[in-house]
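Open the model in your viewer and keep the selection panel at hand. This tour goes stop by stop: what to select, then what is there.

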Amino acid sequence: MTRNGFTLIELLVVIAIIAILAAILFPVFAQAREKARQTVCLSNEKQIGLGIIQYVQDYDEVMPHHQFYDGATASTFRTWQDAIDPYMKSHDVYRCPSNPYNRVKVAGGQVDYPISYAPNEALMPNWDKTWSTSLARIDSPANTVTVVESRAPWAALSANSIIWDSALGEWTAGYYAPGAPKPGAGDGDAFHHNHFINTIFSDGHAKATKFARTLSPSDMWMTAYECSQDPGDWFCGWGDNQGFFDWAAQNAVKQEYR
């Protein structure tokens with residue numbers, strides 16, 4: 001009786017073909033999954049951007065501080081999320097599903113807001129600053145960063161902190177809340193999807209962009225304005241120099257942001 005079947009060589013060929021296809025397709029699937037998560041994060045940012053616009057319209061066109069004390073309870077520390085929260089439908093919008101720190105509480109504040117998004121501190125200064133930023137001070141709203149994705153423990157970021165700071169250094173120094181995963185050696189403060197950072201701009205639109213694009217050919221972080229308000233900051237005197245940002249975009253920006 002004749003038996004039909006595969007020979008060992010045929011089976012090995014089939015297994016080899018499956019292995020090759022898997023090696024080709026798995027990275028594609030991973031990229032597609034990350035792209036879907038990036039879309040969710042971008043949708044979150046669009047809702048956050050609308051919340052900020054509504055807040056500003058209700059408060060004399062002035063941005064909130066990124067950390068502040070509740071006027072009713074002087075000892076209660078709040079963050080910018082508290083300011084816009086009445087305009088938001090859910091706390092889930094503050095959490096990016098791709099961000100490994102999205103279950104870790106951001107430093108400061110009494111409410112358990114997760115690390116995922118951080119405002120530009122030139123637009124939302126800290127509680128101890130005597131100045132606030134109004135919409136009238138923003139010359140180019142469509143090209144001014146309001147919020148970016150973050151892996152840093154801080155409630156706000158600046159272009160200079162993203163260029164220079166190390167998430168691993170901040171983790172080692174104990175600035176993260178307990179349970180935060182250890183960052184990679186080359187990780188900066190901003191969080192990215194395949195080298196693109198979801199960004200909210202001051203006119204309310206949100207899009208994925210390269211961090212270097214926010215530095216040059218123009219500074220989208222209003223660093224010169226921030227230094228005019230607070231010239232004692234450590235980066236003022238050079239951080240507001242467009243020539244420095246042009247150089248940094250080519251030389252000092254971490255590889256993950258290129």
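**Stop 1: a buried pair**

Select Glu-256 and Arg-151: both are buried. Buried means under 20% relative accessible area, exposed over 50%, and partly exposed in between (1.4 Å probe, protein chains only). The two side chains meet in a salt bridge, 3.2 Å from N to O. A salt bridge here is a side-chain nitrogen of Lys or Arg within 4 Å of a carboxyl oxygen of Asp or Glu. Glu-256 sits in the segment after H6 and Arg-151 in the loop between S4 and H3, so to speak distant parts of the chain, 105 residues apart.

A word on the model before moving on. It is predicted: local features need pLDDT of at least 70, side-chain atom pairs count only at pLDDT 80 or more, and totals for chains, interfaces and linings use all residues. Residues are numbered from 1 along each chain as its sequence is written, and side-chain values use heavy atoms, with hydrogens and water left out.

**Stop 2: the whole chain**

Zoom out and colour by secondary structure. The protein has six helices and six strands. Helices (H or I, at least four residues) and strands (E, at least two) are DSSP runs, numbered from the N terminus. Their order from the N terminus is α-β-β-α-β-β-α-α-β-β-α-α. Of the 258 residues, 46% are buried. Among contacts with a separation of 6 or more, 68% come from residues 24 or more positions apart. Contact means heavy atoms within 4.5 Å.

**Stop 3**

Select Leu-8, Ile-9, Leu-11, Leu-12, Val-13, Ile-15, Ile-17 and Leu-21. Together they make a nonpolar surface patch of about 770 Å². Patches are made of residues with over 30% relative accessible area and no salt bridge; like charges are joined within 9 Å, nonpolar side chains (Val, Leu, Ile, Met, Phe, Trp, Tyr) within 5 Å. The areas come from the Shrake-Rupley method with a 1.4 Å probe; for residues, only the protein chains shown count as cover. Now pick Leu-21, which lies in helix H1 (residues 8–58). Leu-21 counts as partly exposed, because its relative accessibility is 45%.

Follow the chain past H1. Asp-60 is in the loop between H1 and strand S1 (67–69). Asp-60 is not a glycine, yet its phi is positive, about 55 degrees. At 70% relative accessibility, Asp-60 is exposed. Select Glu-61, in the loop between H1 and S1. Glu-61 has a positive phi of about 60 degrees, and is not a glycine.

**Stop 4: the cores**

Which residues touch the most other members of the largest nonpolar core? Select Ile-48, Ile-52, Met-63, Ile-84, Tyr-94 and Tyr-117, out of 34 residues. H1 and helix H2 (80–84) are the elements that give two or more residues to this core. H1 gives the most, with six. A nonpolar core is a set of buried Ala, Val, Leu, Ile, Met, Phe, Trp, Tyr and Cys residues joined through side-chain atoms within 4.5 Å.

Centre on Tyr-94. Leaving aside neighbours within four places in sequence, its contacts include Ile-48, Ile-84, Met-88, Tyr-113 and Tyr-117. A second, separate core of 23 residues includes Ala-118, Met-220, Trp-221 and Phe-244.

**Stop 5: helix H6**

Select H6 (residues 242–251). Phe-244, Phe-245, Ala-248 and Ala-249 are buried. Look down the axis: the buried residues fall within an arc of 135 degrees, so they line one face of H6. The arc is that of the directions from the helix axis to the C-beta atoms. These buried residues pack against helix H3 (159–164) and helix H5 (223–229).

**Stop 6: around H5**

Select Asp-230 and Lys-129. They form a salt bridge, with the closest N and O atoms 2.4 Å apart. Asp-230 lies in the loop between H5 and H6, and Lys-129 in the loop between strand S3 (117–119) and strand S4 (145–149), so the pair ties together parts 101 residues apart in sequence.

Next, Tyr-225, in helix H5. Tyr-225 is buried, at 10% relative accessible area. Beyond neighbours within four places in sequence, Tyr-225 is in contact with Ala-122, Trp-131, Ser-132, Thr-133 and Arg-137.

Last, select Ser-216 and Pro-217. A cis peptide bond joins them, with omega about 15 degrees. Pro-217 lies in the loop between strand S6 (206–209) and H5.
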